[in-house]
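Trainee: I would like to learn how to read rings, helices and surface patches in a model. Can we take them one by one?

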Amino acid sequence: MRKQDSGMSLPLRLAVILSGTLLLAFTYYHINYQNHLTEGGFVGLSLLGKYVLGISPSLSILILDIPVLLIAIIFKGKSFVVNTFISVVAFTVFYGLMERYSGWVIDLQGNLPVAALLSGVLTGLGAGMVLRGGGASGGDDILSLLISEWKGIKVGTVFILMDVIVLALSLFYMPLKETLYTVMAVVVAGYVITFTTSLGRPKLVKAPKIPSPLAKTQDGTVNVNNAM
């Protein structure tokens, strides 16, 4: 069976993407939503747009996602965008089913640090699985991945920075307590994403510096042999 760029067969890639998406949907509904933790990324920006400009999140999410998807087609290829589309559609289906049929309530409002920790670990694991499968869970994750590759920064670190900025803006309409615990969840998720996406992969080794042909020797003279 033909292997893809991620080193996985197509069925395994789809299984990893769908499993990660299911975990994300479970966490966002049963941990974040049920315990009133806020959101970062494009979801947080869409909520801010609704508060400040009165724009529906369903519209603002599209406005944010479409340009990023077009950029991803250019730099990551159609396969990546298809995988991302599968993840986004699956998330919508999974979340809708849980919202409608799940009677399971995980009430951690009396212990928000535990809720934030669980949210961070599970969302980081879910998003990391989708990335390992060759896709992304949304436009903000695509942007984090592209910035990570362009700037050589760990993807989890970019994820943290982007979400913390959005959450800081969210203080316009969200209580400080829930926002701070969401920041905690985002930081944990960022580290888990980095761990998940780098697990089993060789670390990047910096290329050795090439000595200048006019570099000085230990006695202070200039070595010109290499310049000839």
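**Rings, patch and helix**

Mentor: Start with a charge and a ring. The charged end of Lys 76 lies over the ring of Phe 80, 5.5 Å from its centre. The test asks for NZ of Lys or CZ of Arg within 6 Å of the ring centre and within 35 degrees of the ring normal. This is a predicted model: local features need pLDDT of at least 70, side-chain atom pairs count only at pLDDT 80 or more, and totals for chains, interfaces and linings use all residues. Residues are numbered from 1 along each chain as its sequence is written, and side-chain values use heavy atoms, with hydrogens and water left out.

Trainee: How many aromatic pairs does a search of the whole structure find?

Mentor: A pair of aromatic rings is described by the distance of the centres and the angle of the planes. Rings of Phe, Tyr and Trp (its six-membered ring) pair if their centres lie within 6.5 Å; planes under 30 degrees apart are stacked, over 60 edge-to-face, and the rest tilted. The search finds 6 pairs. One of them is tilted: Phe 26 and Trp 104, 5.5 Å centre to centre, with 50° between the planes. These two are 78 residues apart, Phe 26 in helix 1 and Trp 104 in the loop between helix 4 and helix 5. Helices here are DSSP runs (H or I, at least four residues), numbered from the N terminus.

Trainee: Is Phe 26 buried or exposed?

Mentor: Buried means under 20% relative accessible area, exposed over 50%, partly exposed in between (1.4 Å probe, protein chains only). Phe 26 has 19% relative accessibility, so Phe 26 counts as buried. Trp 104, at 51%, counts as exposed.

Trainee: Why is the pair of Phe 75 and Trp 150 edge-to-face?

Mentor: Their planes stand at 75°, with ring centres 5.4 Å apart, so the pair is edge-to-face. Phe 75 is in helix 3 and Trp 150 in helix 6, 75 residues apart.

Trainee: Which helix gives the largest share of the nonpolar patch?

Mentor: Patch residues have over 30% relative accessible area and no salt bridge, with nonpolar side chains joined within 5 Å. Helix 3 (residues 57–76) gives the largest share, 7 residues. The patch includes Phe 75 and Trp 150, and its residues together have about 820 Å² of accessible area. Ile 73, also in the patch, is partly exposed at 36%.

Trainee: What span does helix 6 reach?

Mentor: The expected span is 1.5 Å times one less than the number of residues. Helix 6 has 13 residues and reaches 18 Å from first C-alpha to last, close to the 18 Å expected. Just after helix 6, Gly 152 takes a positive phi of about 70°.

Notes. Patch = residues over 30% accessible without salt bridge, like charges linked within 9 Å, V, L, I, M, F, W, Y side chains within 5 Å. Areas by Shrake-Rupley, 256 points an atom, 1.4 Å probe, with all protein chains shown as cover. Salt bridge = Lys/Arg side-chain N within 4 Å of Asp/Glu carboxyl O.
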